[in-house]
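Dear colleague,

Please find below the structure that I am handing over to you. My findings follow directly after it.

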Amino acid sequence: MKRYKIIISGPFAAGKTTFIQTITEIAPISTEAKTTRNDESRVKDSTTVAMDFGRITIDGENVLHIFGTPGQFRFNYMWSILGKDALGIIVIVDSGAKETFDDARDMINFFRVKTDAPILVALNQFDGKDGVSKEEIRKILNLPKWIPVVECNAKDKESVKNVLLTLFKLIMAQGNVY
Amino acid sequence: MLEGSLRDFSLDEVLQMVSMGEKTGRLELKGETPFGKKEGSIFFKNGEVIDAQTNEYAGEPAIVDLLNIKEGYFKFVPQDVSGIKRSVTKSIPDLVLLATSKLDEWEKIKNKISSVDSVFRLSTEGIPDRIHLSPTQWKIISLLGKGLTIREVALKLNMTVIDVSKDVYGLVALRILKEVGEKDPDKGVMVKRKGAPRSFIARLFERFKRL
């Protein structure tokens, strides 16, 4: 069985674990721990500390692994480990969490330096939350032309599928395919 | 004659012995470096390095390669070196420092390039509108575009693999080059392919449409 992988990354509480849970065919494997820092525990009770894992069987010979990274910069050693040999990287950004945009920019720059895999920004729009538009986030994150932005709802399967299909098109155009 | 394994004596210790003893002769080294197998000689006169030779390089670049041997063998053979022209003027501590800094550079380069035996393809997707390239970078692009590895380009241009790798790192960051795999340096055939086959991506599309 040949295994290929894509990476779901993004700042703390952007919706990475939800994104994987929405699309994986197996019960997602998560490494959650209780949040201990005050700023983080106000947002959610637990956080990914190593990785999330989902899987999609493509056919009898190939499987796609979906790895989710921790969102905090202090876990960036996991970003390097997980990012190695990834076909593509999705950076999820919560459109309404302006305080995380700097982290998202750092994260994108980290992957731009550490890998040559295509990168896509998924602008997650949580229900009922005001957020920035695709054009605004492009300017805020100072994205180059080759990194597309796709709007999504991490809880909605069709929306998640659309993000992944866009990434696959990007891999065909920019990635390591032979 | 002094010989042994670099497991028993580190290269630093061997260099110190030759230097402190003010020896004259040839230090033969053979072993593994992060850039592949290396073999060559460093020539000493009264404990000072005067020249070095590998099958790829001479002088400082050869020393940088040889001083990065971590596992292997050494043999010091006393000999007359009066016929050898001095090409190296740096002290041993300076040469060790130079080799270490090259190794540090390589650690950074490894973020984007898997190996000195990597093969690349030219890419135009997502490159900036204006790019300034040096004549050396043009030569590197042209040779890599013909399917040569970093190691092979370095040999053709008489550069060190580190110096070619540094340029390639920049060209990969600019998205002009894309690594596609690695060649076996002995057989010259592709042994590792980076990424996925086009047919797999096509199957991905089909599978996800059905999800």
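Which residue stands opposite B:G181 in β8(B)? In this predicted model, the residue opposite B:G181 is B:R193. The pair belongs to an antiparallel pairing of strand β7 (residues 177-183) of chain B with β8(B), which extends over three bridges. These two strands are part of an open, three-stranded sheet of chain B with the order β6-β7-β8 and antiparallel pairing. Its edge strands are β6 (118-122) and β8 (190-193) of chain B, each of which pairs on one side only. From one strand to the next, the twist of this sheet averages 40°.

Chain B also holds an open sheet of five strands, in the order β1-β5-β2-β3-β4, again with antiparallel pairing. At its edges stand β1 (2-5) and β4 (48-54) of chain B; each has a single partner strand, so one side of each has no neighbour in the sheet. The twist here averages 15° from one strand to the next. Within this sheet, strand β2 (residues 25-33) and strand β3 (residues 36-45) of chain B run antiparallel and are joined by nine bridges. B:E32, for its part, stands opposite B:K37 in β3(B). Helix α2(B) lies across β2, β3 and β4 of chain B and runs at about 85° to β4(B).

The domains of chain B come next. The domain assignment divides chain B into domain 1 (2-108) and domain 2 (111-202). Taken over C-alpha atoms, the centres of domain 1 and domain 2 of chain B are 29 Å apart. Where they touch, ten residues of domain 1 of chain B are in contact with nine residues of domain 2 of chain B. On the domain 1 side, the elements that contribute two or more residues are α2 (60-67) and α3 (92-109) of chain B, and α3(B) gives the most, with four residues. By class, this side of domain 1 of chain B consists of five nonpolar, one polar and four charged residues.

As for the contact between the two chains, 25 residues come from chain A and 23 residues from chain B. On the chain B side, β7 and α7 (198-210) each supply at least two residues. The largest contribution to that side is from α7(B), with eight residues. The side of chain B that touches chain A has ten nonpolar, three polar and ten charged residues.

From the N terminus on, its elements follow the order β-α-β-α-β-β-α-β-α-β-α-β-α. Chain A has 178 residues, of which 44% count as buried. Of the contacts in chain A between residues at least 6 apart in sequence, 69% join residues at least 24 apart.

In soluble globular proteins, nonpolar side chains tend to be buried together. The largest nonpolar core in this model has 48 residues, and those with the most contacts inside it are A:I90, A:V91, A:I92, A:V121 and A:L167. Helix α6 (residues 157-174) of chain A provides the largest share of this core, with seven residues. A second, separate core has 22 residues, including B:V14, B:L27, B:F74 and B:A99. To return to A:V91, its contacts, leaving aside neighbours within four places in sequence, are with A:S9, A:G10, A:A104, A:M107, A:I108, A:I119 and A:V121.

Yours sincerely

Conventions
Residues numbered from 1 in each chain as written. Chains lettered and ligands numbered in written order. Predicted model: local features only at pLDDT ≥ 70, side-chain atom pairs only at ≥ 80, totals over all residues. Core = buried A, V, L, I, M, F, W, Y, C linked by C-beta atoms within 7 Å. Buried ≥ 20, exposed ≤ 12 C-beta atoms within 10 Å, placed from the backbone. Contact = placed C-beta atoms within 7 Å. Pairing = 2+ DSSP bridges. Axes fitted to C-alpha atoms, helices over the stretch in contact; angles between N-to-C directions. Nonpolar A, V, L, I, M, F, W, Y, C, P; charged D, E, K, R; others polar. Domains from an automatic or database assignment.
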